Amino acid sequence: MTAIQDARELTVTEATKRGVAGLVADAENGDPVVVTRHSHPVAALVSVSYLAEIDEAAADLRDLALVLARSAADTGKRTSFDDVLAAFGHTRESLAAVEDDDSLDG
């Protein structure tokens, strides 16, 4: 994975002179470009494969954060399915007796 911190920086004016085709070619070749305005980064041009890597890494980090949060909050107490049904006033038998509503299928 290419570090965006290592990307070539261009001002908006320089990027305009380089042209869209040139900027896209750079990104396709794995050379990300960061466009700056008044010395502040405002946009980045990266390849689609790099963007996919970023999306995958973000999804992995969300999953990891969820696992960590759940493990930190886990008291070890488990609730049985029958207890959940009872909390809603049902049993396995009463749930099985409920007829399917075919009108929900379409």
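How many salt bridges does a search of the whole structure find? I found four. My cut-off for a salt bridge is a side-chain nitrogen of Lys or Arg within 4 Å of a carboxyl oxygen of Asp or Glu.

**Ground rules**

I am working on a predicted model: local features need pLDDT of at least 70, side-chain atom pairs count only at pLDDT 80 or more, and totals for chains, interfaces and linings use all residues. I number residues from 1 along each chain as its sequence is written, and side-chain values use heavy atoms, with hydrogens and water left out.

**Entry: the sheet**

I took helices (H or I, at least four residues) and strands (E, at least two) as DSSP runs, numbered from the N terminus. Two strands pair if DSSP finds at least two bridges between them.

I looked up the strand order. Three strands form an open sheet, β1-β2-β3, with mixed pairing. From one strand to the next, the twist averages 35°. For such angles, axes are lines fitted to C-alpha atoms, for helices over the stretch in contact; angles run from 0 to 180 degrees between N-to-C directions.

Next I checked β1 (residues 8–11) against β2 (residues 33–37). They run parallel and are joined by four bridges. The chain gets from β1 to β2 through helix α1 (residues 12–28), and this β-α-β crossover is right-handed. That label applies if, with the strands pointing away from the viewer, the path from the first strand over the helix to the second runs clockwise. I also noted two facing positions. Leu10 stands opposite Val35, and Thr11 stands opposite Thr36.

**Entry: helix on sheet, and the core**

Where does α1 lie? I see α1 across β1, β2 and β3, at about 140° to β1. Contact here means heavy atoms within 4.5 Å.

Ala15 sits in α1. Beyond four places in sequence, Ala15 touches Leu10, Leu23 and Val35. Ala15 and Val35 are 20 residues apart in sequence, yet 6.9 Å apart in space, C-alpha to C-alpha.

The largest nonpolar core has five residues: Leu10, Ala15, Leu23, Val33 and Val35. By a nonpolar core I mean buried Ala, Val, Leu, Ile, Met, Phe, Trp, Tyr and Cys residues joined through side-chain atoms within 4.5 Å. Both α1 and β2 supply at least two residues each to this core.

Thr36, in β2, is buried at 7% relative accessibility. Its contacts beyond four places include Glu9, Pro41 and Val42.

**Entry: back to the salt bridges**

Arg8 and Asp26 meet at 2.3 Å, N to O. This pair links distant parts of the chain, with Arg8 in β1 and Asp26 in α1, 18 residues apart. Arg8 is partly exposed at 38%, whereas Asp26 is buried at 9%. Arg8, Arg18 and Asp26 are linked in a network of salt bridges.

Asp82 and Arg92 meet at 2.6 Å, N to O. Asp82 is in helix α3 (residues 81–87) and Arg92 in helix α4 (residues 92–97), so the pair ties together parts 10 residues apart in sequence.

Arg78 and Asp74 meet at 2.9 Å, N to O. Arg78 is exposed at 60%, and Asp74 is partly exposed at 41%.

Technical notes. Buried means under 20% relative accessible area, exposed over 50%, partly exposed in between (1.4 Å probe, protein chains only).
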